[in-house]
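Thanks for coming, everyone. I'll take one structure and walk through it site by site. Please have the sequence and the view ready.

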Amino acid sequence: MSQDTPAFPAQQQEPPGSTAAMDPTPDHGEQSYRGSGRLEGRRALVTGGDSGIGRAVAIAFAREGADVAIGYLPEEQEDAEETARWVRDAGRQAVLLPGDLTDERTARELPGRASAELGGLDVLVNNAGFQFARRESFADVATDEIDRVLKTNLYALLWVTQSALEHLTEGASIINVSSIQAYQPSTSLLDYASTKAAINNLTVNLAAELGPQGIRVNAVAPGPIWTPLQPSTQPPEKIEKFGTDTPLGRAGQPAEVAPAFVFLASAAEASYVSGTVLGVTGGKPVF
Ligand code: NAD
Ligand code: MG
């Protein structure tokens, strides 16, 4: 690609963003992901499963034989229904659970709702996340932004995980979503990056506590991935260069991240993998 050609057309949406408004449309593995029974009969809850990485995970999980409940914001109904359609196309059960996870009660009730509909819970993917990067400097960061970022990325994760533990049993897998920002933070994402570093810390710590119960806890740390989060929270000029600073020279697609989640969810393949962070970064270091 020549240096003058933008990686993506400049574009902007308002959070939480929608898939339909993105140019180009992201690849969630709709035409490419082939399952082989690696999650047969497992029951998974994917927060933020309507779009982006969460949608790719839901599609991959379903094609591997899992039933999938997805959490999302009520205004994302259209995206959620599209994900559900792909899950059902794979012959699996899809459960739609709208709700704002920055509300403690909503977050705490989510795993119980998923478990009731799916008949139990084996895999929790804490994927819902929020960032805001349309700001000049740290001095511009407003309290309502800090609240939204910390409550979505940390409080909700803690609330959801705590109540999920009432349902998860031996052999279960918890997968948190970290970020390259935990390792190479951007100044424009100061608050967000700090939540991802905290997620790494609590992933290994929770793995230590839950290990004796046979519950594994890991994280996936994506690099720049083409999802609605980006055009809805970054300035348009950053979108034009999105992902070009990676060793592979481009942004990743949600479909390229999902296999890491399948691996970590699999009780057979990842049976001795706990407390780790798996980078899917296009070559950026996760240490
Ligand atoms: P996305 O916008 O498609 O998904 C994020 C989802 O989080 C939304 O769809 C929404 O349903 C959910 N969410 C946000 N606020 C919520 C709230 N208050 N209540 C309930 N749900 C809420 O974007 P994505 O990039 O696929 O993001 C998924 C995860 O990946 C996030 O944790 C994000 O931080 C992480 N991540 C993304 C990138 C990237 O470049 N896209 C890089 C590293 C990490
Ligand atoms: Mg969404």
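A residue counts as near a molecule if one of its heavy atoms lies within 4 Å of it. Keep that cut-off in mind for ligand 1. Also keep in mind that this is a predicted model.

So, how many residues surround ligand 1? The number is 30. The closest are Asp 50, Ser 51, Glu 76, Tyr 192 and Thr 227. Helix H1, helix H5 and helix H6 each supply at least two residues of that shell. H5 runs over 190-210, and H6 over 229-233.

Now the polar contacts of the ligand. The side chain of Asp 100 has an N or O atom 2.8 Å from a nitrogen atom of ligand 1. A polar backbone atom of Gly 52 sits 3.4 Å from an oxygen atom of ligand 1. Gly 223 also uses its backbone: an N or O atom there lies 3.4 Å from an oxygen atom of the ligand. How much of ligand 1 does the protein cover? On its own, the ligand has 800 Å² of accessible area, and the protein covers 97% of that.

Next, the metal. Ligand 2 is a magnesium ion. Which residues coordinate the magnesium ion? Asp 50 does through OD, Ser 51 through OG and Glu 76 through OE. The distances are 2.1 to 2.3 Å. Along the chain, these donors follow the spacing D-S-x24-E.

Ser 51 is in the loop between E1 and H1. Is Ser 51 buried or exposed? Ser 51 has a relative accessible area of 11%, and the cut-off for buried is under 20%, so Ser 51 is buried. Asp 50 is buried as well. Leaving aside neighbours within four places in sequence, Ser 51 is in contact with Thr 19, Glu 76, Asp 79, Thr 83 and Pro 228. Glu 82 is 31 residues away from Ser 51 along the chain, yet their C-alpha atoms are separated by 8.7 Å.

That contact list brings up Thr 83. Thr 83 lies in helix H2. Its relative accessibility is 0%, so Thr 83 counts as buried. What does the side chain of Thr 83 pair with? A polar atom of that side chain lies 2.7 Å from the backbone oxygen of Asp 50. The side chains of Thr 83 and Arg 55 are joined by a polar contact of 3.0 Å. Beyond four places in sequence, the contacts of Thr 83 are Gly 49, Asp 50, Ser 51, Arg 55, Ala 58 and Ile 70.

On to the nonpolar packing. The largest nonpolar core has 33 residues. Those with the most contacts inside it are Val 57, Phe 61, Val 68, Val 125, Val 220 and Phe 261. Which elements each supply at least two residues of this core? They are E1, H1, E2, H2, E4, E5 and H8. H1 gives the most, with seven residues. Take Phe 261 as a case: away from its sequence neighbours up to four places off, Phe 261 touches Ile 53, Val 57, Phe 61, Val 125, Ile 175, Val 177 and Val 220. There is a second, separate core of 23 residues, including Leu 45, Ala 107, Ala 114 and Leu 121.

Ala 114 leads us to Leu 97. Leu 97 is found in strand E3, residues 94-98. At 5% relative accessibility, Leu 97 counts as buried. Among the residues that Leu 97 touches are Ala 69, Ile 70, Leu 110 and Ala 114. Leu 97 and Ala 80 are 17 residues apart in sequence, and 9.0 Å apart in space between C-alpha atoms.

Gln 234 sits in the loop between H6 and H7. Gln 131, Ala 133, Arg 134, Leu 189 and Ile 239 are in contact with Gln 234, leaving aside neighbours within four places in sequence.

Last, the backbone. Most peptide bonds are trans. Where are the cis bonds I want you to look at? One joins Pro 15 and Pro 16, with omega about 5 degrees. Another runs from Asp 23 to Pro 24, with omega near 0 degrees. Pro 16 is in the segment before strand E1, and Pro 24 is found in the segment before E1 too.

Key. Residues are numbered from 1 along each chain as its sequence is written. Chains are lettered from A and ligands numbered from 1 in the order in which they are written. This is a predicted model: local features need pLDDT of at least 70, side-chain atom pairs count only at pLDDT 80 or more; totals for chains, interfaces and linings use all residues. Side-chain values use heavy atoms; hydrogens and water are left out. Helices (H or I, at least four residues) and strands (E, at least two) are DSSP runs, numbered from the N terminus. Donors are N, O and S atoms within 2.8 Å of the metal (3.2 Å for Na, K and Ca); water is not among the atoms, so sites may look incomplete. Buried means under 20% relative accessible area, exposed over 50%, partly exposed in between (1.4 Å probe, protein chains only). A nonpolar core is a set of buried Ala, Val, Leu, Ile, Met, Phe, Trp, Tyr and Cys residues joined through side-chain atoms within 4.5 Å. Contact means heavy atoms within 4.5 Å. A polar contact is a pair of N or O atoms within 3.5 Å; within protein, one must be able to donate a hydrogen and the other to accept it, and residues adjacent in sequence count only if both atoms are side-chain atoms. Accessible areas come from the Shrake-Rupley method with a 1.4 Å probe; for residues, only the protein chains shown count as cover.
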